[in-house]
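Grab a pencil and work through these exercises with the structure open beside you. Try each task before you read its solution.

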Amino acid sequence: MTEPGPARSRSLVAKLALATLLVALALSLLASAYVIAADSRAFRADTLEQIERLQRLVAPPAAEAAYQLNADQAESLVAGLQAFDEIHRAEILDDFGRTLAEVEREGGGASWLGERLFGADRQHERELLHPDLRETNGAVGMLRVELAPDVLAAALIERLRNSVITSVVQAVIVSLVVVLLFYGLMLRPMLRISRAVAGTDPDHPAQWPRPSMGHHADDELGALDRSLDRLLNAFQQGLDARDGARGELKALNEDLERRVVERTRELEAEKLETERALARVDEANRELERSNRLVVESIRYARRIQTAMLPDKHALDGHLDEVQVYWEPLHLVGGDYFWLEAIDGRSVLVAADCTGHGVPGAFITLVLASALDRILHEHRLLEPSAILREMDRLVRSRLRQDGQDSDSDDGLEAAVCVYDPDARTLTFAGVGLPLIMDRAGQVEEIRGVRGGLGYRSLEPAQPVDHVVAVEPGMEFFLITDGAHDHVGGEPPRLFGRRRLRHVLAEKSPRDLAAKIDSVVRVLEDYRGGEPRRDDMTLVAFRPLAADAKNMPRGAAAD
């Protein structure tokens with residue numbers, strides 16, 4: 001059964017012929033556009049190069065005329081430039097900007113096309129340099145040349161007309177020849193193959209009416225014909241094998257169903273085993289939660305013990321005008337420690353930062369608390385440097401780090417202040433920690449000596465006493481590293497002691513409690529989403545203002 005051929009309006013021949021003609025015309029137009037663009041660029045470049053050469057040629061006599069202020073010579077030069085049709089206006093100016101000579105053609109207005117093509121290159125200026133003035137600037141005037149865009153556009157259009165017309169005609173002729181060759185060499189034999197395929201019986205594809213390819217037997221169309229013949233014969237073999245494949249497919253489906261049933265049983269067994277494993281994991285998690293709860297409860301109890309060992313924050317009430325302490329370990333317990341006590345009429349304030357934080361740091365604070373109690377109550381030491389030296393000796397001894405065979409290497413940094421209300425002096429010594437003073441909004445810092453206390457690997461520190469004359473209203477601050485080692489900002493950076501001193505100076509008018517709360521808020525805002533990295537302790541105090549009237553003369557000096 002033969003199907004009717006396609007209508008002429010839907011014929012592949014007509015579509016290919018039309019598409020080929022359109023593509024050829026489009027390519028010819030693109031080629032013409034390229035020729036126009038290339039010729040335009042070449043014409044513009046030639047014109048600019050010609051003008052540049054002309055300016056270089058005219059520049060020496062024009063410079064001489066401008067140097068001599070010779071208007072006649074300048075007039076002859078600009079008149080000579082009128083020989084070039086492309087030049088609309090020429091002018092020579094002296095070094096004061098006055099016109100020596102000028103010439104201009106009539107009809108200076110430019111059309112839209114001329115302005116579009118050559119408007120940007122219309123004006124040209126060249127500085128006139130005289131050889132006798134080389135040691136100075138050398139400029140004696142200016143040569144100005146204005147091109148005529150309409151003349152240049154007309155010359156360019158005349159140059160392009162013949163080449164564009166020739167290119168379009170050639171493209172049309174070539175496209176027509178290509179369409180005819182394409183139809184004769186390819187489309188006609190393909191139509192024969194198409195009609196033969198359309199007349200093939202679907203139930204007997206091997207008996208298709210194979211066309212004679214004639215002189216196309218050895219080219220690609222002949223190969224297409226042979227490939228179609230092999231394909232239709234193979235399709236016939238596929239139809240013959242279809243019934244056998246159906247039987248095999250049925251057997252395969254039965255085997256697949258059997259395997260699915262077996263795999264389902266295996267998955268059910270694996271599911272039961274997984275449920276048992278999950279049950280064991282749940283039990284392990286419950287046991288871990290119990291263990292974790294016991295650990296947390298133990299650490300909380302340790303916090304109560306450590307908190308109980310801290311001195312009473314009101315121990316110096318009546319001895320100082322105001323004392324405020326902010327003590328916040330990184331975890332439930334920490335390695336920061338402070339001491340407040342009044343002994344023999346003097347106020348002793350200590351801040352210390354022990355090795356590490358958490359439980360290890362808390363153990364070191366117990367050793368420190370015991371050592372401080374012995375130093376102050378048994379040895380009765382009230383000089384800050386002596387307290388620190390004895391603290392170093394006792395910590396080394398109690399941690400057995402005073403020998404070379406010790407495995408531990410722990411210690412602390414500390415700062416000690418002793419305030420004498422009778423002398424109105426504050427004596428400070430520090431190892432690793434500073435003293436910050438606020439004197440009427442002027443914040444100063446006394447640094448402690450470098451090193452540490454109690455460490456096996458470090459030589460004993462040599463703290464130095466600093467005596468400060470206390471003036472009414474002065475405020476003092478002992479801080480540990482955790483107060484200024486907050487990380488924040490973008491990019492992340494340490495807050496630093498300098499910035500902390502600046503914050504203390506800004507908050508100067510407030511009372512100490514409000515000032516510490518404000519400093520803590522500033523640190524938290526700076527840290528943002530970054531976690532805190534260390535324990536933090538701030539001890540702030542202000543001596544009694546009433547004692548100012550008893551201050552002896554000359555006590556303001558160290």
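Before you start, here's one term: two strands pair if DSSP finds at least two bridges between them. Also keep in mind that you're looking at a predicted model.

**Exercise 1. Work out how the strands of the open sheet are arranged.**

Step 1. Start with strand β1, residues 87-94. It pairs with strand β4 (residues 139-147) in the antiparallel sense, over 7 bridges. To see one of these links, find Asp 94, whose bridge partner in β4 is Gly 141.

Step 2. Now look at strand β2, residues 99-104. This strand also pairs with β1 in the antiparallel sense, here over 5 bridges.

Step 3. The open sheet has 4 strands in the order β2-β1-β4-β3, with antiparallel pairing. β2 and β3 each have a single partner strand, so they stand at the edges, and one side of each has no neighbour in the sheet. On average, neighbouring strands are turned by 10° against each other, ignoring direction.

**Exercise 2. Decide whether β1 and His 124 are buried or exposed.**

Step 1. You need a cut-off: buried means under 20% relative accessible area.

Step 2. Go through β1, and you'll find that 8 of its 8 residues are buried.

Step 3. Turn to His 124, which sits in strand β3 (residues 123-129). Its relative accessible area is 16%, so His 124 is buried.

Step 4. Check what surrounds it. Apart from neighbours within four places in sequence, His 124 contacts Leu 48, Ile 51, Gln 55, Leu 143, Arg 144, Val 145 and Leu 147.

**Exercise 3. Describe how helices α6 and α7 pack.**

Step 1. Two packed helices are described by the angle between their axes and the distance between the axes.

Step 2. Read off both values. α6 (residues 358-377) and α7 (residues 384-398) pack at an angle of about 130°, and their axes are 9 Å apart.

Step 3. Name the arrangement. Angles over 145 degrees would count as roughly antiparallel, and 65 to 115 as roughly perpendicular. α6 and α7 are therefore oblique to each other, and α6 passes α7 in a right-handed crossing.

Step 4. List who touches whom. On the α6 side, the contact residues include Val 367, Leu 368 and Ile 375, and on the α7 side they include Ile 387, Met 391 and Leu 394. By class, the contact has 9 nonpolar, 1 polar and 3 charged residues.

**Exercise 4. Which residues have a positive phi in a residue other than glycine, and where do they lie?**

Step 1. Recall the background: most residues other than glycine have a negative phi.

Step 2. Arg 380 has a positive phi near 55°. It lies in the loop between α6 and α7 and is partly exposed, with a relative accessible area of 42%.

Step 3. Arg 400 also has a positive phi near 55°. You'll find Arg 400 in the loop between α7 and β8 (412-420), and at 68% relative accessibility it counts as exposed.

Step 4. Gly 97 takes a positive phi near 85° in the hairpin of β1 and β2, which has 4 residues between the strands.

Key: Residues numbered from 1 in each chain as written. Predicted model: local features only at pLDDT ≥ 70, side-chain atom pairs only at ≥ 80, totals over all residues. Heavy atoms only, no water. Axes fitted to C-alpha atoms, helices over the stretch in contact; angles between N-to-C directions. Helix = DSSP H or I, 4+ residues; strand = E, 2+ residues; numbered from the N terminus. Parallel < 35°, antiparallel > 145°, perpendicular 65-115°, else oblique. Left-handed = near helix turned anticlockwise from the far one by under 90°. Contact = heavy atoms within 4.5 Å. Nonpolar A, V, L, I, M, F, W, Y, C, P; charged D, E, K, R; others polar. Buried < 20%, exposed > 50% of the residue type's maximum accessible area, 1.4 Å probe, protein only.
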